[in-house]
Amino acid sequence: MRRQPIATAPFPATLVRQAGALGLLGILTPPEYGGTRMGYLALALVVEALAAACASTALVIDVHVSTVIDPLQRFGLPEQKARWLPAMSRGERLGAFVLSEPEAGSDAAAIRTRAVRDGDTYVLDGHKTFITNAGQADVYVVFAKTAPQAGSRGITAFLVERDTPGMTFGAPMAKMGLNGSATADVHFDRCRVPLAHRLGEEGQGFKIAMITLDYGRIGIAAQAVGLAQGAFDYAFAYARQRQAFGQPIVQFQGLQFLLADLITRIEAARYLTYKAAHVADQGDARLSRYAAMAKLFASETAMHVTTEAVQVLGGHGYMKAHPVERMMRDAKASQLYEGTSQIQRLVIARRLLAEHAAR
Ligand code: CAA
């Protein structure tokens, strides 16, 4: 294994607190726990707007809301919600979703982290990796095997607080992009978690993870739409002022056709994302497929648009003086996390077949 270089970019902790003060983090939280419960379309609009300027900030906030607050409000006991939701919705406590392991990414059911019941506690041992917000977050939704022989039905979810003895963090990982977000390993070494901090029932963890990711993929789609729009806006503005061969380059039909194609794709990705959010808000059973379609199409769009935005700027686009190279690096992650593009295709096809079988 190669040594992992350490990331040094600052984490946007102040922005998280400010987002909380503005009410942006309570968007999925029920009012009785201090939120507005505005829903998934509202969250998509917020994440999209943030990502147009800074995809890292959008990710930090989206992971907190979509993959921690959301499963907590959906599966948590009243006392668990009362303990964590109000402060998390105000931005005073941050969350992280702890599923992936070095040998279990796309194949999430293959995780090896163990949780062994011992009286009124569980003892966790294992190694997680690529965890967004790790080290910065205060509350961790952790997935571990309570019955290893039972496959996906042997996984249980836990809420683990940052200062729990036995939970430690690796150094922040240096990444291609999203450098304002923190990504690190999480280690569990005889980490004792109270029974009262189990999220859902024993064996329900895989379904909690899958349902969380179904809803979560709307946020990643929205992040991708925002990134694409941000890169497009920058490239379009540049093309209107940059002169070549005696006129602004936007006057060349070759560039006009490119811009027309890009803005068309962005709008298509946006409305597929809003459709998925609407499906989620309606409680429609087709959420899994729509969220996967939105995440697939929007992330592929973000990669395409940001790459073409660099092209519009030519050599300038390759330089860090302009934000489009950063957007291109940031966009790549949206094709990877919360399920790769290949996993989205798998989910879409499986759901399509299941929907037809049910007819
Ligand atoms: N909702 C509810 N239940 C679901 C479900 C869903 N969407 N998907 C599957 N299940 C249930 C199935 O019904 C089945 O239940 P039964 O045992 O009762 O029959 C069980 O879960 C197992 O289902 P599968 O056989 O379909 O599971 P699988 O092992 O084939 O895996 C998969 C399916 C879709 C490939 C899944 O492993 C997956 O989503 N992989 C990608 C993981 C992923 O997205 N990781 C992201 C990491 S987190 C992250 O990136 C956040 C971040 O920090 C940015």
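**Close-up 1: S288 and a nitrogen atom of the ligand.** In this predicted model, look for the side chain of S288: one of its polar atoms lies 3.5 Å from a nitrogen atom of the ligand. Now take in the whole ligand: on its own it has 1100 Å² of accessible area, and the protein covers 75% of that.

**Close-up 2: T132 and K207 at ligand oxygens.** The side chain of K207 has an N or O atom 2.6 Å from an oxygen atom of the ligand. For T132, a polar side-chain atom sits 2.8 Å from a ligand oxygen. Both T132 and K207 belong to the five residues that come nearest to the ligand, together with R153, D214 and E338.

**Close-up 3: the shell around the ligand.** Zoom out a bit and you can count 25 residues around the ligand. Sorted by type, eleven of them are nonpolar, seven are polar and seven are charged. Helix α5 (205-241) and helix α9 (341-357) each supply at least two residues of this shell. The biggest share comes from α5, which gives seven residues.

**Close-up 4: where the ligand sits.** Which pocket holds the ligand? It's the largest one. And why does the ligand lie between domain 2 and domain 3? Because domain 2 (97-203) and domain 3 (207-357) both give residues to the shell around it.

Notes: Residues numbered from 1 in each chain as written. Predicted model: local features only at pLDDT ≥ 70, side-chain atom pairs only at ≥ 80, totals over all residues. Heavy atoms only, no water. Near = heavy atom within 4 Å. Polar contact = N/O pair within 3.5 Å; in protein donor to acceptor, adjacent residues only side chain to side chain. Areas by Shrake-Rupley, 256 points an atom, 1.4 Å probe, with all protein chains shown as cover. 1 Å grid on protein atoms, 1.4 Å probe; cavity = no way out; pocket = protein on both sides within 12 Å on 5 of 7 lines; lining within 4 Å. Sits in = over half its atoms within 2 Å of the grid points. Helix = DSSP H or I, 4+ residues; strand = E, 2+ residues; numbered from the N terminus. Nonpolar A, V, L, I, M, F, W, Y, C, P; charged D, E, K, R; others polar. Domains from an automatic or database assignment.
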